[in-house]
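Biologist: Please put the model on screen. I have some questions about how it is put together and about what surrounds one of the ligands.

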Amino acid sequence: MRLLVTGGAGFIGANFVHQTVRERPDHQVRVLDALTYAGNRASLDPVADAVDFVHGSIADAELVDRLVADADVVVNFAAESHNDNSLDEPEPFLQTNLVGTYRLLEAVRRHGVRLHHVSTDEVFGDLELDDQARFTEDTPYRPSSPYSSTKAGADLLVRAWVRSFHIAATISNCSNNYGPYQHVEKFIPRQVTNVLNGVKPKVYGTGANVRDWIHVDDHNRALHAVLDRGTLGHTYLIGADGEADNLTVVRAILRALGKPDDWFDFVSDRPGHDLRYAIDASKLRGELDWKPQYADLDSGLAATVQWYADNRAWWEPAKQATEDGYTRLGR
Ligand code: NAD
Ligand code: TDX
């Protein structure tokens with residue numbers, strides 16, 4: 001099996017490559033990654049001998065055509081992935097998330113190659129805080145930010161190419177991931193590395209917003225289940241019943257690092273900040289017999305906090321520039 005992993009030097013992609021090399025020795029893994037500020041070759045160091053790395057963009061039609069022609073399956077993780085950046089400068093989101101996905105679709109169509117497109121629950125917009133509703137595969141798309149609207153657009157392109165051109169593709173929409181190798185711009189690593197640097201965590205607004213946390217390894221096992229047993233043309237929602245508001249998560253981080261549970265600052269809110277995400281993963285659990293190995297956020301958080309404490313050399317180079325960007329945004 002020749003696997004082309006786009007965005008494989010990013011957070012989820014790198015963890016997917018590690019898991020694949022570890023658990024699927026029959027797979028030949030090639031990574032295509034543009035190494036934007038979010039990509040880090042060091043994230044692939046532990047598997048460097050087992051992976052063929054190509055530096056380039058999914059929006060480069062000629063390069064994508066050549067690499068797809070040489071693959072059996074493409075898994076697309078490549079994206080601009082951070083909401084705050086998309087509110088500041090949307091253009092790269094349109095280029096990578098929309099044009100890049102289009103290039104991949106044209107290449108898999110030409111070469112008859114299977115595609116799995118990795119997407120997010122943010123395409124569905126948000127839910128009310130006091131509601132029990134959860135997203136399902138039938139929830140209408142209602143994205144809020146430039147990031148989530150370009151991810152929604154990319155999903156719709158995949159669906160159109162399935163319907164009109166009969167490409168062999170699947171889509172998954174997952175909730176918020178945490179784990180090692182996540183960029184320090186994201187909520188959990190930002191707060192963990194702040195505390196490790198003696199700086200208080202920064203909570204947007206009132207901290208009441210709810211996210212549905214899943215360990216990155218559980219997400220990636222679900223992606224392998226979709227690749228192995230998913231029905232072509234279908235969408236699968238991925239989530240591990242990990243709903244928690246941001247204050248609860250910050251307090252769990254503070255506890256893990258031995259700080260008082262009020263040792264954080266409230267900062268100004270993100271414009272258009274989605275209130276709550278929650279995934280109903282019944283289809284994935286029932287049809288593909290998947291279940292998470294991490295029972296809840298607490299069971300994976302301690303190891304994640306420890307990973308950041310043990311791997312300063314991985315995150316320190318990006319920390320100052322990231323915090324300078326937040327200072328400019330007032331967050
Ligand atoms: P990330 O920002 O950590 O990694 C993205 C990777 O894509 C980086 O290595 C970057 O260099 C690469 N990249 C960016 N533009 C590229 C281009 N034009 N060509 C090739 N490579 C390019 O993101 P992540 O958190 O690992 O997310 C991966 C995917 O999963 C994204 O599609 C994201 O929308 C989706 N997703 C993320 C989460 C989450 O909680 N992080 C949840 C659900 C879905
Ligand atoms: O410093 C912060 N303080 C804070 O309160 C940051 C960075 C975030 N937050 C809040 C905003 C959100 O309510 O924490 C929550 C999580 O924020 P992010 O880590 O930026 O994630 P989110 O916007 O929920 O999107 C994430 O999950 C879905 C990923 O970044 C997306 O790529 C994925 O699609």
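Biologist: Which strands does helix α5 lie across, and at about what angle does the helix run to β5?

Modeller: This is a predicted model. Helix α5 covers residues 146-165 and lies across β5 (114-120), β6 (169-174) and β11. The angle to β5 is about 155°.

Biologist: What is the order of the strands in the open sheet, and which are the edge strands?

Modeller: The sheet is open and has seven strands with parallel pairing, in the order β3-β2-β1-β4-β5-β6-β11. An edge strand here pairs on one side only, which holds for β3 (51-55) and β11 (235-238). The order is thus β3-β2-β1-β4-β5-β6-β11, and the edge strands are β3 and β11.

Biologist: In β2, which residue is the bridge partner of Leu4?

Modeller: Strands β1 (residues 2-6) and β2 (residues 28-33) pair in the parallel sense over five bridges. In β2, the partner of Leu4 is Arg30.

Biologist: How much of the accessible area of ligand 2 does the protein cover?

Modeller: Ligand 2 is surrounded by 22 residues, Glu122 and Tyr147 being among the closest. Oxygen atoms of ligand 2 lie 2.6 Å from an N or O atom in the side chain of Glu122, 2.9 Å from a polar side-chain atom of Asn176 and 2.8 Å from a polar backbone atom of Tyr204. On its own, ligand 2 has 660 Å² of accessible area, and the protein covers 94%.

Biologist: Which elements give two or more residues to the shell around ligand 2?

Modeller: By class, the shell has six nonpolar, nine polar and seven charged residues. The elements that give two or more are α6 (187-196) and β8 (202-204).

How values were computed:
Residues numbered from 1 in each chain as written. Chains lettered and ligands numbered in written order. Predicted model: local features only at pLDDT ≥ 70, side-chain atom pairs only at ≥ 80, totals over all residues. Heavy atoms only, no water. Near = heavy atom within 4 Å. Polar contact = N/O pair within 3.5 Å; in protein donor to acceptor, adjacent residues only side chain to side chain. Areas by Shrake-Rupley, 256 points an atom, 1.4 Å probe, with all protein chains shown as cover. Helix = DSSP H or I, 4+ residues; strand = E, 2+ residues; numbered from the N terminus. Nonpolar A, V, L, I, M, F, W, Y, C, P; charged D, E, K, R; others polar. Pairing = 2+ DSSP bridges. Contact = heavy atoms within 4.5 Å. Axes fitted to C-alpha atoms, helices over the stretch in contact; angles between N-to-C directions.
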